[in-house]
Amino acid sequence: MSLFKRFFGNEKNDEYRPIQIKKKFIESGLSLALVREGVEELVRFPLNLTITQLKKETQLENLEILETLWYDELLHDESDGYHLQYTDILKLPSEVREFMGILDPEKPELLLGHEGAVGTSRFQFVLHKSYGQWRNVEQTSKIVGPWVALPDGSMHLLDPDTYEIDQMIRNSPDPRDAEQIFSYVAEVRNRANRLGIPLDTYLERQEYLFVDNLELQVEYDNKKIHIQPAYVSNEIDPTLLESLNDKGARFAVGAGREKVFVDPRVWEHANKIKEVPPIQGDDIPRFAENPEAFIPDIEGLDLSLFGERVKSLGIRVYRAQPFVHAKPSERGWFQIETGFSAVDETGEIWQSFKPDEFQALIRQARDSGNEYFEWNGNWLRIPPEVDDFIRSTGEVHKQFGEKPMVDITSLPYILEIYENIGQLEFNAPILQAHQELRDQGVLDRTPPGSFQATLKAFQQDGYVWMKMLHFRKWGGLLADDMGLGKTIQVISLLSYLQQTNRLTPTLIVVPKTLIDNWEKEMTKFAPFLLPSLYLHRGTDRIKSPEALRQIGITITTYHTLVRDQLVFGQVEWQAIICDEAQAIKNPSTAASHVLKAMKSKFRLAMTGTPVENGLSELWSIMDYVQPGLLGSLSEFKREFITPLEAGEGDSVVEQRLLAKLSYVYKRRTKSEELAGQLPPKHHHVIQVPLGDVQKRLYAEIIELVKSKMMDGLQAIQRLKLLSSHPGLIAPEWINLPPEMVPKLLHTLQIIDDVKSKGEKVLIFTEYLKMQDILKSAIRDRFGIIPFVINGMTDRRQLVVDEFNRKPGFDVLILSPKAAGTGLTITSANHVIHYTRWWNPAVENQATDRAYRIGQDKPVHVYCPIVTDNEGVLKQGTVEEIVHRILSEKQELASSIIVSSRKLDLENEILQQFSKQ
């Protein structure tokens, strides 16, 4: 439910009591209670207020903010109201804290002092804090947790560093406890020095040093790998640190009589590391692939540099990729070649092996009980189904000879021989064998009868295409345009896999924001799958591979998959499906490494934007779904990326690449597939003048550029903000009436027209302050409170569901990037791009929230553009320049292989702006 029903209720107006917000500053953050005025009745979210009640609320904006925080799960339920933790207060945008009457975290002037001498019963640290004229506020002010109430009544929020050391001082040990106090003194002094907090004279003289950091050293002698802890401190002699570590001591006296203490936790961590036995034999390649798995579970241990140290050892681990190729020969015959390729993480093939020589290497490894074998000083992982592959290859030789020659009619039989082996690399001629597919009903276009939806023709094509890939043991990339129903197509495939007893276990990996959406879509289209569905998240998630093997469909996030990689890696999956596969667009990320190492018979990636920042992203996704198809990354760069960057025709490169991808890549666009099925889409470019305040500020910025006091790019950013609203660059203009900001006024007039039709509108702007201005203006003019979806909104699906469910007129404000994936908002058929996004592909994705399957009304897209109606600017306003270039780039944005550098308009805008 939303904050306001936005329709008149039946409650008697004279009985309604406004809501008061009671704030209480507590040790852990902020306590909030909503109570009815005069009766102290506790009120809970979500609120349901009629417009009549709404008009009586005196703290309306604060109520809106608090409910947004509740939806974002930052505001936690308590018996007496709500609790906002200190750490969550720090996460809030500055504008939100300002609305709530909380100043930004502030670091006071600090001095670390003391009372009494170290070792006496009177000793204690005193952290002196000063705010301007208010000195030593720890004596004159009230301090509660992170809050400082100054004598003038102002409330200040401590910055995280100050709060942390303040808590250390508040939680001091008994000063008479000799075993703890000296180490504690050293720790606090060390923390103060790190934070740049000056010490009083007495503390400066105390030579107490503290070791509170640890890093891991790794050595390799070509036989064993040794992991050793190493204490780290810039203040302490390295020789003394090494001695402390070697002896396992927690205290030492240096040559200058300084006293050195080791943090007890760091000392315990070091001892745990020392217990790690030398890594040898088959564990060496395992360690090289996943070094963190060999480290004890130590909270707070910084492993950021550990991976690089492991890489510096120079241990290379290759995966063995089995292949079956049909090499065209004379008169339509094919020579069958089989073997294994040693492939690195970039897809580079370093060597190929014939099955017999590879078998000899495997025998050596297995004689030693290993699943890896050493090869030319490096390591190669034995494929999980190597025995089946070798047996199948023997069957091929038995049927067709030692140098098999077959005609095209025998190719389906080759597929049949290798049918039970996953992740084989077949080449194109073998994949053209369709007869066997027909024999097994793979080409049936109708999903199982239990599937509760009717697929459109192109979706049926996608359903059959995925079944064909599954049959061939190939992976695929479903790259349909946003809004063409990639999810429903995949659910139809899951229905088929369940019907054919090839579903369990299946893994679906998604961004965090989509995990609930998948459950919702399955509930809608395939409720019979729900008993087989498990959402792997939260602290009580399953950690047993055996249990996961028994589950039909497991859905988890990319982040959780990386954290639980050792569990997931022990399951041989029937299928692994990656939604929004941009998450693996970088081959060096943890998610890419984990997914490419997982065992599965079928792999599928889904994304409407396989190329966001460069063509290498497409290679990385394809290296997951079908390793080896595009060669190594260096080969791919030579064949495709370099020609593009050298200026070759994009269409030529695109056609050459699509030809190579044709069997495993499917992309359809709305303009092609839904022509005549979707209602028309109308674009309205609305030219609006600058307001008087905007004109003056615009001229001032241009003068700063001309006088070299502001560079062009900074000026463009400022002018872009100014074009939206003067209050975005000058807070004193934040409350300008819409009549003085023509762009805002015209936007409200568009919304007036939408309201007269009883329809809904989406407004896109990336600026948080502009979202607030629009929200207030819409509330004042239309008596409704529009929800906002931006980077803060975790429960965005709940917001969208409520927006879609409500009949009649409504408004939803969104950030383009926050709404870029996974949202269907077809209840709205009007879209306003209040500020333009400089990448046309991103802007199109935002529009596609409304213009997609399910939309049954004509869609109107409005772009209010601030123009120079007086002809003062040679190239027009910044918004005119942006619109002109965006219009030129629209066709380029529809290509899925164009590098984002060609869609990045910053340089072109700067060039045209500089001609003013």
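The protein chain contains 36 helices and 37 strands in this predicted model. Of its 916 residues, 54% count as buried. Residues 24 or more positions apart supply 67% of the contacts that have a separation of 6 or more. The accessible surface of the protein chain comes to about 40,600 Å², and carbon and sulfur atoms hold 48% of that area.

- Strands of a sheet pair through backbone hydrogen bonds, and the pairing may be parallel or antiparallel.
- Strand β3 is joined to β4 (residues 81-85) by three bridges, and the two strands run antiparallel.
- Within this part of the sheet, histidine 76 stands opposite histidine 83 of β4.

- Strands β17 (residues 333-343) and β18 (residues 349-353) pair in the antiparallel sense through four bridges.
- Valine 343 has isoleucine 349 in β18 as its bridge partner.
- Five residues lie between the two strands of this hairpin, and glycine 347 takes a positive phi near 85° there.

**The seven-stranded sheet**

- Another open sheet has seven strands with parallel pairing, in the order β25-β26-β24-β28-β30-β23-β31.
- Its edge strands are β25 (533-535) and β31 (665-666); each has a single partner strand, so one side of each is without a neighbour in the sheet.
- Inside the order, β24 (residues 506-510) and β26 (residues 553-557) run parallel and are joined by five bridges.

- Is alanine 479 buried or exposed? Its relative accessibility is 0%, so alanine 479 counts as buried, the cut-off for burial being under 20%.
- Alanine 479 and threonine 609 are 130 residues apart in sequence, and their C-alpha atoms are 7.0 Å apart in space.
- Beyond its neighbours within four places in sequence, alanine 479 is in contact with Thr607, Gly608, Pro610, Tyr665, Lys666 and Arg667.

**The nonpolar cores**

- The largest nonpolar core has 111 residues, and Tyr418, Trp518 and Ile555 have the most contacts inside it.
- Apart from neighbours within four places in sequence, tryptophan 518 is in contact with Thr487, Val490, Ile491, Ile508, Val510, Ile555, Asp579 and Met606.
- A second, separate core has 57 residues, including Met100, Ile102, Tyr131 and Val137.

**Helix α32**

- Helix α32 (residues 768-782) has 15 residues, which should span 21 Å at 1.5 Å a residue; the C-alpha atoms at its ends are 21 Å apart, in agreement with this expectation.
- Which residues of α32 are buried? They are Met770, Gln771, Ile773, Leu774, Lys775, Ser776, Ala777, Ile778, Arg779 and Phe782.
- The cover over the buried residues of α32 includes helices α2, α30 (712-724) and α31 (742-756), together with strands β33 (760-764), β34 (787-789) and β35 (810-814).
- Glycine 783 follows α32 and has a positive phi, near 70°.

**Glutamate 215 in strand β11**

- Glutamate 215 is found in strand β11 (residues 214-220).
- The relative accessible area of glutamate 215 is 22%, and it is therefore partly exposed, a class that lies between the limits of 20% and 50%.
- Glutamate 215 and valine 266 are 51 residues apart along the chain, and their C-alpha atoms are separated by 10.0 Å.
- Leaving aside neighbours within four places in sequence, the contacts of glutamate 215 are Gln228, Pro229, Ala230, Val232 and Arg309.

Technical notes. Residues are numbered from 1 along each chain as its sequence is written. This is a predicted model: local features need pLDDT of at least 70, side-chain atom pairs count only at pLDDT 80 or more; totals for chains, interfaces and linings use all residues. Side-chain values use heavy atoms; hydrogens and water are left out. Buried means under 20% relative accessible area, exposed over 50%, partly exposed in between (1.4 Å probe, protein chains only). Contact means heavy atoms within 4.5 Å. Accessible areas come from the Shrake-Rupley method with a 1.4 Å probe; for residues, only the protein chains shown count as cover. Two strands pair if DSSP finds at least two bridges between them. A nonpolar core is a set of buried Ala, Val, Leu, Ile, Met, Phe, Trp, Tyr and Cys residues joined through side-chain atoms within 4.5 Å. The expected span of a helix is 1.5 Å times one less than its number of residues.
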